Each structure stands twice: as C-alpha cells, then as structure tokens.
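Here are some notes to read with the model open beside you. Take the points one at a time and find each residue as you go.

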Amino acid sequence: MAKYAIGLDYGTLSGRALLIDVKTGEEMAVSVLDYPHAVMDETLPSGKKLGRDWALQHPQDYIDVLKYTIPDVIEKSGVNPADIIGIGVDFTACTVLPVKKDGTPLCFLPQYEDEPHAYVKLWKHHAAQEYATRLNDIAEERGEDWLGYYGGKVSSEWAIPKIWQVLDEAPEIYESADRFIEAADWITWQMCGKEIRNSCCAGYKGMWNKSNGYPSKEFFKALDSRLENVIEDKFSEDILPLGTKAGEVTPEFAQLTGLQVGTAVAVPIIDAHVFVPAVGITKPGAMLAIMGTSTCHMLLSDKEIKVPGICGVVADGILPGLYAYEAGQCCVGDHFQWFIDNCLPKSYYDEAAQRNINIHKLLREKCESKNPGESGLIALDWWNGNRSVLVDADLSGMLIGMTLQTKAEDIYRALIEATAYGTRMIIDAFKENNVEVNKFYAAGGISQKDEMAMQIYADVINMPIQIADCAQGGALGSAIYGACAAGSAVGGYDSLYDGAAALGRVKEKVYTPNPENVKIYDKLFAEYKILHDYFGRGGNDVMKRLKAISNN
C-alpha cells in the first residue's frame, strides 16, 4: 500500500501544498493559494497608512492556505487520508507575530485590529533597521562572541530588532503579547495544538546557538532595560531539532483539512533551507541558491567558521551532523519586476501584444541578442538593501554607464548581471575564509523559468549550475521532512539523509560556463566590486544621506 506525505510551503505572496508518494517521489497533486491580503507595505486592511520600509502580513491568510490547499490536494489526488503519514512545513523567516498564550494573534483582537505592530512582520520588514544598528554597535562594544557566527552583524530582518521596535513604538502591544513567535512555529502550533520552536529559525533568526543558547540577559539589558527578560518572558528555550516530530494532527485540524487525527507533523524549517534535501544535497561544499523575489544561499560544511557578512552558521541547521551556512540577496525577482512595472516604454508592451508573448519573454529575447559588456552598464543590486555581505538595509540601488543609446533591454540585462555579481561576492567571501564551495545548485522560480539568467550566473561565477527538478522544490523539501517525522515504521524515513537521497532530484540539463563570456565577466565583476566597496563600505555614504533626506 502506497504512503504519502504533504509538504506545505509558505512564501512571500502565496502558500502551496504538495502531496507526494514517499517512496517514488511522484507528485500526486499540488494546490496554491495567493494570500488575500498579500504584503501590506502601504496600508492596513482598514486603510491606516504604514511607515517607510514596513512589510506586514495577516495571519488569517496562513490559515486560509491550510483550509484550501490541503483538502484540494486530497481531492485532486484521490488519496485516502489514512495513507497520508506526515506533513511538513517551511516558511519565510524571520516572519514573526505577537500572540496570546493560546496562540491567538493580537491582530485578531478587536482592540488591536488597527494597530500595525499587532500584525505579522514579514521577513522583508526593514523598518527596524535603526534597532539592528544599535544592537550591532552594542554587541561589538561588549565584545559579544556570538556575533561572529552571524558575519559580524545582525540584520534588521531578524527577530530581536523587530521585537525591540514593537517595544519602543507600541509598548502596549509588547506587554499584551504573551509570545513573539515565528510564523513557521505558529502555523505548526495550529496543526498540532501545542507551542513549538524550531532550531532553524531560532538559530538563524533568533540568535540561538545549540551549544550556548541565547545571548545573556546582561546583553539584552544593555540594549534596553525592558528587554532583560525577553527570552524568558516572550520566547521559549525549548528548541526542537529538525527532522523530528513536532506533534500530531489534532481533531480540530483534522476537521478543518480532512487529514486523519494523529498524522505526524514535522518540526518546521525556513523556506530557503528546506530546498537542500529537495535537490539531494547531503555533503559539504555544495551551495544552493533559492532564487525568487529574493535569493537565499545555503551551504553545508563540516567546519564552523566565522565568515564576515554571512547571515549565520548553525549546527544541524539543515541536516544533523553538519554546519549549515546562510547568506542572501534581498532583491532579485523583485528587482526585475520593479523594472518591468516602472521603466518599460509602451512600445514594448505593444510589441509583446502583437506577437502574443508575455513581456518577460520579449525582454529576454532582446537581451539574448546582446554580448556581455556590450551595453557598457553595471548596476548595484541593492534596490531593497544588501543582506550579504554588507548586511545593510539602508543601501540602495545604482546604475552606471547609461548613454542616449541605452535601451530598456540593456538595463534589464544589467540588473540580472548585478544579482549574479552579488552571488559571486558571497561565494568569494566563503572561499576567502576557508569554507569550501565546490558545486552550485539553483532552485526557485527564476531557475525554472529563465534560461538566460541561469547562463549569465554560470558565466559570472564560472561554475556549472544544476537545477532542482521540481517546480515546487520548497514543498517537496517539506514533504521529505514530513516523511521523516513519520518514520520508517509507517512507511517514511528515519533519517533526513535517507529521505534526501531517495526523494531529492535535479534536472539533466546543466548550465556550463562559456569561457569567452567568463573572461568578460571577470573584468566587469572587478568593476562591480570597486563600486560595491566604495558605496557599501564607507567610501561614500551618499545612499544613506539621500535616504535620510527623503525620510524628512
């Protein structure tokens, strides 16, 4: 009798469920729901305006994903729910929300529905940058050793800066919240009926370390006396390891979704990290870039090294027994879409309509006719700040080299190249600090849809690129974790290594560097690096000065 697992993948704009056969890996059904509230970066549902660099979400959207997608994949596949042995979850992070002791989000309460700080702060909420800056300054002044495991800087995207912002700007929300919890853990709580905390989010986004725990109470007090007991009061020190069972489906959740009571629910994981087993990576040295609205770079190693500018290194952060490094770029697909939405002449849309092709395809065709370096353009890919290796949300984008002959496709290609240069900066940072990078994989929407971009990446980084063989790679990874939570006794797996080896896969097609293009891109990258360091490392802080002026 075949057995099945469900993987739930919560992204920036939508959530999806994938139902797979746990032995063959066959995809039985997939279902996607766009979040009804999308990303709230300008107003709340009431119309109340938000400040600059805010990015909120509504937790009801996450429940709606469960209510719609799980029954949908069961119906589409015709699978008996009794044969579904496990369910796994991945989620964007740090995506954090304030809740009561029973798990009720504060924004569900009538008295707080018009209070921005009562909602989910999405991963790309950057309005907490000033708190991250202060945190980093104080940690450096105190000589906090743990800071080195996060590349020397904590990001504004992480939990403590966001929570500190709540405390400072809406202390009544901070006091009313019994817990601040990652959305990954909160949605798992809704499924299995108990509060849990996963080691992945805690390690990468909550400053928790497997050996040393959280930073000291003295450090939090140094930030703000009101934060001295933030861990004891608002978090949990009971951290669960990946690849294990968080709990089982409750009667209430079974009634909501059609699953069987007692179905295993896996400890959740961050959406980028879950792709690693989905492509079958189980050994050190292989980097995986998950390319979507942003890009996360995951790397396994048998060594724990403090690499400047990375997002974190966490023991057992993805697979047990290995250190998992994270780096990232916070504007990739968003970058390209911004250009299409704001910068294209009407004539391009007219041409696309006449030829009955979408605008992306038209732009790619025009870009592909260009040679590397032909446009004379270089861009800095910081439209949404820089996550790695500068870790600075106050940086902004730049384009240099334009003339009256510059065309839209030249700019579009330069933006793609800029993100490839950013990835090369990350690879070089690891290599310069003796962390091996010997293979490169890609997953996510861009890797599946944009052959031109992937060839540019191969040429820029001068490495072959293998692509995940699953359009829903995050959900596949989550399903693998679900099968491992269930265990072999009921048809699953007892080890993430076994699950990844059995179910992870890549496409036959490999993007191989073009030697002639590599030579040109080496020259262009050298120029990119000069600009990167000049504007990003204090040579000229004009971007920050301009931002300060615009905020007045």
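Which residue in E20 is the bridge partner of Gln-466? Keep that in mind; the reply comes in point 3.

1. Before you start: this is a predicted model, in which local features need pLDDT of at least 70 and side-chain atom pairs count only at pLDDT 80 or more, while totals for chains, interfaces and linings use all residues. Residues are numbered from 1 along each chain as its sequence is written, and side-chain values use heavy atoms, with hydrogens and water left out.

2. The open sheet. Seven strands make up an open sheet with mixed pairing, in the order E14-E15-E13-E12-E18-E19-E20. The edges are strand E14 (312–315) and strand E20 (506–511); each has a single partner strand, so one side of each is left without a neighbour in the sheet. From one strand to the next, the twist averages 25°. Strands (E, at least two residues) and helices (H or I, at least four) are DSSP runs, numbered from the N terminus, and two strands pair if DSSP finds at least two bridges between them.

3. Pairings to trace. Strand E13 (residues 295–301) and strand E15 (residues 323–329) run antiparallel and are joined by seven bridges; Met-298 stands opposite Glu-326 in E15. E18 and strand E19 (residues 465–468) run parallel, with three bridges, and Phe-440 faces Ile-465 in E19. E19 and E20 pair in the antiparallel sense over three bridges. Now for the opening question: the partner of Gln-466 in E20 is Val-510.

4. Contact here means heavy atoms within 4.5 Å. Axes are lines fitted to C-alpha atoms, for helices over the stretch in contact, and angles run from 0 to 180 degrees between N-to-C directions.

5. Helix H13. In H13 (residues 359–368), the buried residues include Ile-359, Leu-362, Leu-363, Arg-364 and Cys-367. Buried means under 20% relative accessible area, exposed over 50%, and partly exposed in between (1.4 Å probe, protein chains only). Among the elements covering them are helix H11 (333–342), helix H12 (346–355) and H14. At the N-terminal end, Asn-358 caps H13, with a side-chain oxygen 3.1 Å from the backbone nitrogen of His-360.

6. Aromatic rings. The whole structure holds 20 aromatic pairs. Tyr-534 and Phe-535 are an edge-to-face pair because their ring centres are 4.9 Å apart and their planes stand at 75°. Rings of Phe, Tyr and Trp (its six-membered ring) pair if their centres lie within 6.5 Å; planes under 30 degrees apart count as stacked, over 60 as edge-to-face and the rest as tilted. Tyr-534 is partly exposed, at 39% relative accessibility, whereas Phe-535 is buried, at 12%. Elsewhere, Trp-146, Tyr-150, Trp-158, Phe-219 and Phe-220 form one aromatic cluster.

Conventions
A polar contact is a pair of N or O atoms within 3.5 Å; within protein, one must be able to donate a hydrogen and the other to accept it, and residues adjacent in sequence count only if both atoms are side-chain atoms.
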